[in-house]
Amino acid sequence: MPDAPEVRDDLLDYAYEIEWFDAHLVQMLKQLEEAGELANTIVIVTSDNGMSFPRAKANAYEYGIHVPLAVMWPARVPGGRRVDDLVSLVDIAPTLLAAANVPAPAMTGTSLMPLLLPAETGGPEPGREAVFAARERHSSSRYNSLGYPQRAMRTGDALYIWNPAPERWPAGAPQAIGPDGAPGPLHGAYHDIDAAPTLDFLVAHRDEPGVGRYFHLAVDHRPARELCAVTDDPGCLVNLAGAPAEAARVGALHARLLAFLQSTGDPRALGEGDVFETYRRYSPLRTFPPPQWVLDGQPAFKPDWIVE
């Protein structure tokens, strides 16, 4: 994001929200302590997505899918440690079942107990070389309320992203239809980015040096395949997938991602991705002008629950 007072203030507001959350967490822990239950309670603190800024929330980039995770169980888990192993929120269910000594059924996730109790379990188990993330429809932000499908695989040093529908706008269409049926202002939409001062600043200053790059990174079309070296580039600003030297690596990562998706029955990997567009949206719908790819004759899926 550009270094500007509006963006700094937006980040400060976000930090204040985190402080507010932390203050309530303190009250919860104090209540558990007063009840004599803190030592034997597993406390898991996390979030459902990255911060609500461009290229974070509703994106498969690092700042969208790398969320906080803190676990405390005073009676058994030694604290004060930072664990860098790759874990996923799908690991929480098998972790809690293991903590309760309940046999777990077949699940995609893996218990975190070897990470939480290394002295008791012998340490991490093999098999945590990658974690996976996915995105479909986030809000009513495109023609026919279509989503922006993404599938991602995060390894120790790389993030590989597959965008199955690169013709769609990743942040939502730039223009919406107003209540009067007339097209609204260009760059007045992008509804897959939460409305906030940072988005307003990017739109208002998009033609200025030092800002335009960040605006286009947030809203422009993206290629079908993206590869980011997250260790050196946590902002995922450089896509390595188009480099000839990375062709073999990209091919191997894509094959590995598809193999995992197929093993879990993901419709996007089985040629049945339109099923995600059939799920009815019950919140208010926005309307948008037909995108260029529709005007060019490419068919657009229209769910039967959209009535014009």
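Biologist: Is Ile193 buried or exposed?
Modeller: In this predicted model, Ile193 counts as buried because its relative accessibility is 8%, and the cut-off for buried is under 20%.

Biologist: Where is Ile193 found?
Modeller: Ile193 sits in the loop between strand S5 (159-162) and helix H6 (197-204).

Biologist: And what is Ile193 in contact with, leaving aside neighbours within four places in sequence?
Modeller: Pro54, Ala171, Leu199, Ala218 and Val219.

Biologist: Switching to rings. How many aromatic pairs does a search of the whole structure find?
Modeller: Four. One of them is Tyr14 with Phe53, which is edge-to-face, 5.8 Å centre to centre with 85° between the planes. Tyr14 is in helix H1 (residues 5-34), while Phe53 is in the loop between strand S1 (43-46) and helix H2 (62-65), 39 residues apart.

Biologist: Which accessibility class does each get, Tyr14 and Phe53?
Modeller: Tyr14 is partly exposed at 27%, whereas Phe53 is buried at 4%.

Biologist: Why is the pair of Phe132 and Phe260 stacked?
Modeller: Because the ring centres of Phe132 and Phe260 are 3.7 Å apart and the planes are at 5°. Phe132 is in strand S3 (residues 131-135) and Phe260 in helix H8 (residues 247-263), so the pair ties together parts 128 residues apart in sequence. Phe132 is partly exposed at 26%, and Phe260 is partly exposed at 24%.

Biologist: What lies over the face of Tyr61, and of Tyr214?
Modeller: Arg55 lies over Tyr61, at 4.1 Å from the ring centre. For Tyr214 it is Arg213, at 5.7 Å from the ring centre.

Terms used. Residues numbered from 1 in each chain as written. Predicted model: local features only at pLDDT ≥ 70, side-chain atom pairs only at ≥ 80, totals over all residues. Heavy atoms only, no water. Helix = DSSP H or I, 4+ residues; strand = E, 2+ residues; numbered from the N terminus. Buried < 20%, exposed > 50% of the residue type's maximum accessible area, 1.4 Å probe, protein only. Contact = heavy atoms within 4.5 Å. Phe/Tyr/Trp six-rings, centres within 6.5 Å; stacked < 30°, edge-to-face > 60°. Lys NZ or Arg CZ within 6 Å of the ring centre and 35° of its normal.
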